[in-house]
Amino acid sequence: MPSKPPRPETAAPAGTGIDADTIAAVATAPGFGGIGVVRVSGPRVDQVAEAVAGRRLPPRQAVYCTFRDDHGDALDQGIALRFPAPRSFTGEDVLELQGHGGPVVLQLLLDAVLAQGARLARPGEFTERAFVNGKLDLAQAEAVADLIASASAAAAQGALRSLQGEFSRAVLSIDEAVLQLRVYVEAAMDFPDEGADFLAEGSVDARLTDIDGALETLLRESRSGVLLRDGVSIALVGAPNVGKSSLLNRLAGQERAIVTEIPGTTRDLIHVDLLIDGLPVELVDTAGLRDTADQVELEGVRRARHQAAQADLVLLVQDDRDAAEVPAELAASPLIVVRNKADLSGAVTGQLPADAGPKTVRMSARTGDGVDALIGLIKQTVGFGAEGRTFTARRRHIEALKQGAAALGRARTLLAEGAPAELAAEELRAVHGALGSIVGEMTPDELLGEIFASFCIGK
Ligand code: GDP
């Protein structure tokens with residue numbers, strides 16, 4: 001809760017590592033609640049506890065006390081909890097003061113803590129300290145923020161798995177295999193004569209294949225993880241009256257867009273946020289994609305085109321009784337054609353057999369027939385799999401995995417061409433560097449600063 005600006009004379013820039021300051025912040029969400037927590041971390045915790053809670057606190061025991069300011073005036077009463085280093089969230093001495101959850105009373109409590117020489121924590125600074133003290137690696141620290149920000153139960157479960165280290169372990173186990181291969185390749189460098197035979201031997205290639213497969217799997221799982229966290233945007237386009245708004249309502253399961261029989265009335269964009277099997281989806285109903293002379297509608301059509309170009313996926317809705325044509329301007333977008341109003345055409349609903357054309361589902365927004373096939377195809381098209389592990393992942397993780405896979409590919413080519421082992425070893429070092437950046441080994445300070453600064457104060 002940014003109730004007070006950080007004090008610039010004491011707050012070091014984010015990402016520059018640990019200082020000896022004791023930091024404090026309100027750790028609960030701003031607003032009114034049954035309880036509110038002030039969290040304190042650093043060397044002055046015992047002093048703060050004695051001054052504010054009025055006594056020395058036993059480790060990890062809830063103690064009921066009266067909280068007082070530095071004049072000894074009572075501010076609130078509640079529970080004080082002390083976690084001595086290193087068995088705490090940050091790895092430092094930590095104090096939690098659980099008072100009543102009102103903004104004023106918590107501010108007074110925070111002021112009393114600051115009066116003892118603590119300073120206001122920067123956003124994410126508690127988690128940053130946990131990272132620096134080795135309590136969490138970087139991917140786990142990011143998972144703390146993701147767990148808090150989860151938009152669905154599936155996202156929360158994914159974030160918890162990452163927080164518990166499942167993602168990091170997957171990364172590190174690939175890294176370990178890369179390391180072993182590097183040792184092997186570097187050993188070959190020491191024996192220039194036998195080295196080439198050594199490397200041409202089958203086991204190197206088998207190891208490369210294993211690592212490559214593991215990277216591919218993790219990349220696929222991570223893409224699902226990013227989707228779980230960031231969601232996808234889906235644009236509904238199509239001629240007026242084909243049933244876009246009806247489809248949106250069907251998917252949302254609630255009446256959010258006005259369904260009308262008059263063509264061209266969806267002049268502006270209607271956004272609906274929904275969850276499809278845990279996948280956060282922003283569905284945008286656009287104005288009909290058609291040529292029109294009406295100025296207001298022209299603007300709507302322009303926005304529809306723009307929206308379609310921006311979306312992760314376009315659903316082109318058509319009346320199943322009309323010709324199946326895909327406008328040239330949509331050819332470049334990831335696309336699903338929805339042949340709607342199957343109840344009127346009488347055709348069988350479901351996904352149409354894949355031929356050379358775009359992915360197509362026949363359904364009825366009115367009866368709901370075929371909507372499951374559409375949902376399945378949406379998930380498949382954006383790469384959101386129920387199969388495999390799910391954990392939250394970020395775009396930077398994907399980038400790092402891609403870089404790792406690319407460097408591995410180069411190493412493989414070099415080895416296959418019989419290039420000097422040094423060159424392949426160099427590429428394997430690059431794979432190691434890319435994987436290390438995910439868990440925070442060899443991650444530049446600026447990036448660390450950026451990651452932690454995106455947290456809220458108190459985390
Ligand atoms: P939009 O202009 O593309 O958004 O189309 P609407 O969703 O407003 O639908 C136009 C008309 O078609 C409305 O009368 C809907 O009730 C009707 N409609 C939409 N989907 C279906 C469907 O699957 N079957 C039938 N019979 N009518 C539908």
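**View 1. Arginine 82, a buried residue in strand 4 of a predicted model**. In this predicted model, arginine 82 has a relative accessibility of 13% and therefore counts as buried, the cut-off being under 20%. Arginine 82 belongs to strand 4, which covers residues 74-83. A polar atom of the arginine 82 side chain lies 2.7 Å from the backbone oxygen of leucine 57. Leaving aside residues up to four places away in sequence, arginine 82 touches Val45, Asp46, Leu57, Pro58, Pro59, Arg60, Val94 and Leu95.

**View 2. Arginine 60, in the loop between helix 1 and strand 3**. Arginine 60, one of the residues that arginine 82 touches, is placed in the loop that runs between helix 1 (45-53) and strand 3 (63-68). Its relative accessible area is 38%, so arginine 60 is described as partly exposed, a class that lies between the limits of 20% and 50%. The phi angle of arginine 60 is near 50°, which is a positive value in a residue other than glycine.

**View 3. The cis peptide bond between alanine 85 and proline 86**. The peptide bond that joins alanine 85 and proline 86 is cis, with omega at about 0°. Proline 86 is found in the loop between strand 4 and strand 5, the latter spanning residues 94-101.

**View 4. The shell of 18 residues around the ligand**. Among these 18 residues, the ones that come nearest to the ligand are Asn241, Lys244, Ser245, Ser246 and Asp343. The shell is made up of six nonpolar, seven polar and five charged residues. Helix 9 (244-252) and helix 11 (342-345) each supply at least two residues of this shell, and helix 9 gives the most, with three.

**View 5. Asparagine 241, in the loop between strand 7 and helix 9**. Asparagine 241, which is among the residues that come nearest to the ligand, lies in the loop between strand 7 (232-237) and helix 9. Although asparagine 241 is not a glycine, its phi is positive, at about 75°. With a relative accessible area of 40%, asparagine 241 is partly exposed.

Conventions. Residues numbered from 1 in each chain as written. Predicted model: local features only at pLDDT ≥ 70, side-chain atom pairs only at ≥ 80, totals over all residues. Heavy atoms only, no water. Helix = DSSP H or I, 4+ residues; strand = E, 2+ residues; numbered from the N terminus. Buried < 20%, exposed > 50% of the residue type's maximum accessible area, 1.4 Å probe, protein only. Polar contact = N/O pair within 3.5 Å; in protein donor to acceptor, adjacent residues only side chain to side chain. Contact = heavy atoms within 4.5 Å. Near = heavy atom within 4 Å. Nonpolar A, V, L, I, M, F, W, Y, C, P; charged D, E, K, R; others polar.
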